[in-house]
Amino acid sequence: MTKPMILDRRTLMKAGGSLALFTGLSASTRLFAAPLGADPFTLGVASGDPWPDGFVIWTRLAPRPLDEHGGMRQSVVPVGWEVAEDEGFTRVVQKGIAAARPELGHSVHVEVAGLRPHRHYWYRFNVAGSDVSAVGRARTAPAAEAAVDRLRIGVAGCQHWEAGFYDAWGALAREPDLDLVFHYGDYIYEGAGKPLGEGVVRQHAGDEIYSLDDYRRRYAQYKADPHLRAAHQSCAFAASFDDHEVDNNWAGEFDQDGTPPEAFLLRRMAGYQAWYENMPVRRAQMPGVQGITAYRRLDFGRLLRTHVLDTRSYRTDQSCGDVARSDACTPEAHASPQMLGNAQEAWLDEGFARPSTWNLLAQQVIVMPLDVRAPGAAKPTFETDLWDGYRPAKARLVETIRKHELTNVVIATGDHHKHAAGTVPLHDEAPDGEKVAVEFLATSISSGGNGRGDEGLAHFYGNNPNLDLYTDRRGYQVFDITPKQWTTDVKVMDEVQKPGGAIRTLMRYEVAPDAPQLHRSGGSGRA
């Protein structure tokens with residue numbers, strides 16, 4: 001096996017002048033020369049955002065994750081990295097030195113390039129005098145014009161630490177031959193630690209989080225879970241964020257508590273930076289004083305174009321004061337105008353113009369209309385934090401799909417802590433009418449605890465004829481994509497409030513690219 005690179009200060013200083021901020025060290029950098037000693041890779045390794053010639057590889061140094069600064073001294077640390085064609089690292093094809101900087105929480109983001117398309121690579125990190133990191137694996141995307149026979153994508157998120165254990169991540173790590181995992185958000189939850197019991201199975205460290213150090217510590221606690229680390233090691237992620245990476249139900253410049261925007265934006269910036277520091281995303285996603293550009297595209301040959309959306313940063317505030325069940329909050333009042341913002345809408349419209357067998361909208365909150373009224377209630381009720389609360393924006397999304405005459409749009413959604421499958425109608429007022437897209441709502445990894453299965457949810461089908469599945473179980477979904485068929489396996493856990501839960505397939509759906517229609521090929525949908 002190839003030995004890890006030995007980094008000495010003299011070599012680093014000689015090379016440093018030509019290395020950039022994110023990938024190396026300048027000649028004037030103040031280096032931490034002493035060995036770190038204990039394992040600094042306690043938060044694991046990860047890869048993300050595959051392109052045909054490479055991907056991002058990530059780690060963050062934290063020998064004592066919950067201590068101040070993760071147990072790191074506030075100095076720049078040189079970190080070696082290697083990418084190989086084999087797990088034993090006998091054929092190393094790329095290597096280099098990156099700077100783990102205190103300004104970025106000692107995180108490392110290396111944008112590896114120059115690799116061959118659509119093949120697996122292995123990667124690892126090392127620090128002089130300390131342990132070598134775990135080995136991760138990632139697959140490059142197919143070449144831009146390649147005819148691709150098959151892709152497999154996992155979809156997961158909403159992993160409230162206190163509500164359950166992460167055995168579902170361990171199961172996802174064992175899924176065979178995944179090309180990508182789309183993490184739709186709620187990687188962390190921002191609330192204060194609660195006492196054990198009544199649905200709290202393990203505790204958050206500390207109070208509600210506001211500062212950058214708070215957010216860094218919360219990510220460190222979550223990344224301590226071995227199942228989550230295993231999932232990151234197994235496959236490249238396309239990471240997005242939803243609300244809890246900052247604060248529940250935030251929208252643009254507004255939080256749920258009426259905080260003045262100039263104060264909330266400070267908290268949002270801390271949340272953005274901590275998200276960037278802890279996710280395997282590219283330099284283009286690094287936040288700045290103007291905010292963040294988290295939306296981006298990932299292409300997989302001619303088979304699939306993936307549009308990763310940001311449904312939080314550019315929103316207008318929720319309609320009805322985000323109180324959907326008030327008497328005044330009629331369906332017509334659900335009229336907050338912006339979900340994606342003008343620039344992101346134009347970007348999405350432009351992206352739809354490229355021919356592709358499939359278009360995947362990888363985003364956060366439910367698009368299809370969802371009437372959540374209680375059994376026996378006469379008045380329809382629609383949530384205001386979902387696309388239902390942003391009907392002008394939803395109408396524009398539907399129109400851009402129609403403008404490009406697309407029949408191949410599949411929407412991946414999270415946030416709602418339910419598994420659901422349904423269709424997006426041309427008109428919300430006619431949910432069983434003409435359809436423009438298929439939507440798969442992936443449930444949570446742990447948020448909501450074990451759930452109640454189908455109990456008390458039968459009325460959803462009567463209120464929502466566009467729904468084929470709606471169930472309160474934990475788990476994830478797997479998309480198996482070919483030129484002729486899109487297959488979605490709905491995976492559920494039998495237990496998350498105790499360790500050792502088992503996974504099974506509850507339902508299988510098939511979709512053809514020429515019509516936005518669901519076809520069940522296994523299980524039973526409606527309760």
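## Surroundings of Arg139

Arg139 touches Pro50, Phe55, His118, Arg119, His120, Asp177 and Asp179, leaving aside residues up to four places away in sequence. The model that shows these contacts is a predicted one. Arg139 belongs to strand E7, which covers residues 136–139. The residue counts as buried because its relative accessible area is 16%, and the cut-off for burial is under 20%.

A second position gives a sense of distance within the model. Arg139 and Gln517 are 378 residues apart along the chain, and their C-alpha atoms are separated by 31 Å.

## Overall dimensions and composition

The protein chain contains eight helices and 21 strands. Its C-alpha trace spans about 75 × 50 × 45 Å along the principal axes. For 527 residues, a compact globule would have a radius of gyration near 24 Å; the chain has 23 Å and therefore agrees with that expectation.

Buried residues account for 60% of the 527 residues in the protein chain. Of the contacts between residues at least 6 apart in sequence, 70% join residues at least 24 apart.

Strand E12 comprises residues 304–308 and is mostly covered, with five of its five residues buried. Leu304, Thr306 and Val308 point one way from the strand, whereas Arg305 and His307 point the other way; all are buried.

E12 pairs with strand E11, residues 296–300, in the antiparallel sense, and five bridges join the two. Within this pairing, Asp299 has Arg305 of E12 as its bridge partner. The hairpin of E11 and E12 has three residues between the strands, and Gly301 in this hairpin takes a positive phi near 60°. E12 also pairs with strand E13, residues 358–362, here in the parallel sense and again over five bridges. In this second pairing, Val308 stands opposite Ala362 of E13. The chain passes from E12 to E13 through helix H6, residues 342–351, and this β-α-β crossover is right-handed.

## Aromatic pairs

The count of aromatic pairs comes to 19. One of them joins Trp161 and Tyr166 in an edge-to-face arrangement, with 5.9 Å centre to centre and 85° between the planes. Trp161 and Tyr166 are both buried.

Another edge-to-face pair is formed by Phe241 and Trp275, with 5.1 Å centre to centre and 80° between the planes. This pair links distant parts of the chain, 34 residues apart: Phe241 lies in the loop between strand E10 (237–239) and helix H5 (261–278), while Trp275 lies in helix H5. Both Phe241 and Trp275 are buried. The two residues also belong to one aromatic cluster, which is made up of Phe241, Trp250, Phe264, Tyr272 and Trp275.

## Charges over rings

Two placements of a charged side chain over an aromatic ring may be noted. Arg124 lies over the face of Phe89, at 4.0 Å from the ring centre. The charged end of Lys223 sits over the ring of Trp58, 4.3 Å from the centre of that ring.

Notes: Residues numbered from 1 in each chain as written. Heavy atoms only, no water. Buried < 20%, exposed > 50% of the residue type's maximum accessible area, 1.4 Å probe, protein only. Helix = DSSP H or I, 4+ residues; strand = E, 2+ residues; numbered from the N terminus. Pairing = 2+ DSSP bridges. Right-handed = clockwise from strand over helix to strand, strands pointing away. Phe/Tyr/Trp six-rings, centres within 6.5 Å; stacked < 30°, edge-to-face > 60°. Lys NZ or Arg CZ within 6 Å of the ring centre and 35° of its normal. Rg over C-alpha atoms; globule rule 2.2 N^0.38 Å. Contact = heavy atoms within 4.5 Å.
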